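Here are my notes on this one, as numbered points. Have the coordinates open while you read.

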2 protein chains.
Amino acid sequence: MSAPIDFYFDFSSPYGYLASEKIEALAAKHGRGVDWHPIMLGVIFKQTGAAPLTMIPLKGDYSRRDMARSARFHGVEAFRMPSKFPIPSQAPARIVLWQKQRGPALAVNLIHALYRAFFVDDIDISAPDIAVAIAAKCGVDSAAARAAIDDPAVKDALKQENEQAIARGVFGSPFIVVDEEPFWGLDRFDQAERWLATGGW
Amino acid sequence: MSAPIDFYFDFSSPYGYLASEKIEALAAKHGRGVDWHPIMLGVIFKQTGAAPLTMIPLKGDYSRRDMARSARFHGVEAFRMPSKFPIPSQAPARIVLWQKQRGPALAVNLIHALYRAFFVDDIDISAPDIAVAIAAKCGVDSAAARAAIDDPAVKDALKQENEQAIARGVFGSPFIVVDEEPFWGLDRFDQAERWLATGGW
């Protein structure tokens with residue numbers, strides 16, 4: 001089996017959520033796995049001068065329309081913009097990183113559960129106790145997960161994940177890397193697919 | 001015949017150039033024409049806080065790679081990043097707007113000639129005399145075209161075109177509007193195509 005596709009995402013990213021619902025099928029179709037990397041876009045935006053799309057004049061109105069339209073276009077029927085947006089995503093990102101070390105398969109379930117809680121059920125997953133409750137439903141030990149959020153080692157792991165992402169040129173969400181070839185956005189999945197099929201062009 | 005597709009573009013926009021090579025076939029396939037609108041992204045970027053992609057940390061390196069890759073992906077084989085980039089695009093935009101009033105068919109030829117001069121032959125079309133020379137090759141009267149660039153009425157027409165674009169929510173290049181539905185970027189042509197075929201979803 002070839003190297004997994006690296007999938008970088010922020011839990012506060014609508015296009016990241018949509019892509020999280022599509023990436024596994026894309027990868028599986030080409031005999032690949034997915035390596036999930038939660039990142040903190042806010043930190044990266046300080047380097048690029050970017051801001052959350054919905055807060056930008058002109059672009060904000062368009063992007064809200066485009067997110068809903070893109071969800072339907074890509075067949076992700078369950079999507080709605082959360083009433084509180086954007087959110088800081090440290091708590092869910094840290095639980096996922098911590099769980100990834102203990103059991104990657106459960107970490108993937110947890111990513112989907114957290115993303116869907118935010119972008120389908122409008123649950124504010126930035127609150128540590130809420131993120132932990134979702135983890136518990138997935139079978140994660142709640143006390144340990146709650147402790148992980150404030151664990152300096154886990155905090156540091158997230159910082160390192162972010163720094164490695166930046167060093168690799170990652171600046172958005174979703175952002176995938178296929179055999180060192182970078183693709184930014186769900187709207188590059190068509191190019192990523194051809195890359196997977198042909199090895200480049 | 002249904003309403004034409006409005007195609008907004010800046011002559012300094014690489015993705016605008018790529019889209020200019022694809023939009024007519026897309027429109028024709030669905031029985032539509034194209035209404036070409038040159039705009040000045042620099043003015044619009046002041047409202048959105050955006051900057052030319054290639055000048056942004058992290059995004060700059062990625063975008064140069066993505067532009068070349070996207071050109072090949074979309075079958076626009078003739079593309080290279082100009083050695084001087086970005087450029088102010090008032091001169092070519094004004095000649096095109098002026099020519100559009102006199103003869104829209106020739107204006108379309110002129111748009112392609114100017115875009116290809118910049119993104120294929122690395123010719124700096126921001127220089128009025130160079131833009132005029134390209135217009136002359138297309139059959140436009142050079143003296144009249146040169147005068148149009150400094151004509152206050154033509155300058156004003158470009159300002160109005162820009163203001164109308166902003167009022168309509170346009171903030172990037174390429175940006176197309178199909179029956180009031182906005183699509184930003186060549187990477188939304190797949191959605192625009194489905195919209196043209198189905199009337200929305």
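1. Start with how chain A holds together along its sequence. If you take the contacts in chain A between residues at least 6 apart in sequence, 70% of them join residues at least 24 apart. Bear in mind that this is a predicted model.

2. On confidence, the pLDDT of chain A averages 96, and 100% of the residues score at least 70. As for the complex, the predictor gives an ipTM of 0.93 and a pTM of 0.95.

3. What does the secondary structure of chain A come to? You'll find ten helices and four strands. Reading from the N terminus, the order of elements in chain A is β-α-α-β-α-α-α-α-α-α-α-β-β-α.

4. Overall dimensions next. The C-alpha trace of chain A spans about 50 × 45 × 35 Å along its principal axes. Chain A has a radius of gyration of 16 Å, which agrees with the value near 17 Å that a compact globule of 201 residues would have. Of the 201 residues in chain A, 41% are buried.

5. Now the contact between the chains. Chain A puts in 20 residues, and chain B puts in 20 residues. On the side of chain A that touches chain B, the elements giving two or more residues are α3 (41-48), α4 (59-73), β4 (181-184) and α10 (189-198) of chain A. Which of them has the largest share? That is α4(A), with six residues. By class, this side of chain A divides into nine nonpolar, five polar and six charged residues.

6. Over in chain B, have a look at helix α5 (residues 90-102) and helix α9 (residues 152-167). Their axes come within 9 Å and cross at roughly 95 degrees. Since angles of 65 to 115 degrees count as roughly perpendicular, that makes α5(B) roughly perpendicular to α9(B).

7. Who makes that helix contact? From α5(B) come B:Ala93, B:Arg94, B:Leu97 and B:Trp98. Facing them, α9(B) supplies B:Val154, B:Lys155, B:Ala157, B:Leu158 and B:Glu161. Sorted by class, the contact of α5(B) with α9(B) has six nonpolar and three charged residues, and no polar ones.

Methods:
Residues are numbered from 1 along each chain as its sequence is written. Chains are lettered from A and ligands numbered from 1 in the order in which they are written. This is a predicted model: local features need pLDDT of at least 70, side-chain atom pairs count only at pLDDT 80 or more; totals for chains, interfaces and linings use all residues. Axes are lines fitted to C-alpha atoms, for helices over the stretch in contact, and angles run from 0 to 180 degrees between N-to-C directions. Angles under 35 degrees count as roughly parallel, over 145 as roughly antiparallel, 65 to 115 as roughly perpendicular and the rest as oblique. Two residues are in contact if their C-beta atoms, placed from the backbone, lie within 7 Å. Ala, Val, Leu, Ile, Met, Phe, Trp, Tyr, Cys and Pro count as nonpolar, Asp, Glu, Lys and Arg as charged, and the others, Gly among them, as polar. The radius of gyration is taken over C-alpha atoms; the globule rule is 2.2 Å times the number of residues to the power 0.38. A residue is buried if 20 or more other C-beta atoms lie within 10 Å of its own, exposed if 12 or fewer, and partly exposed in between; C-beta atoms are placed from the backbone. pLDDT is the predictor's confidence in each residue, from 0 to 100.
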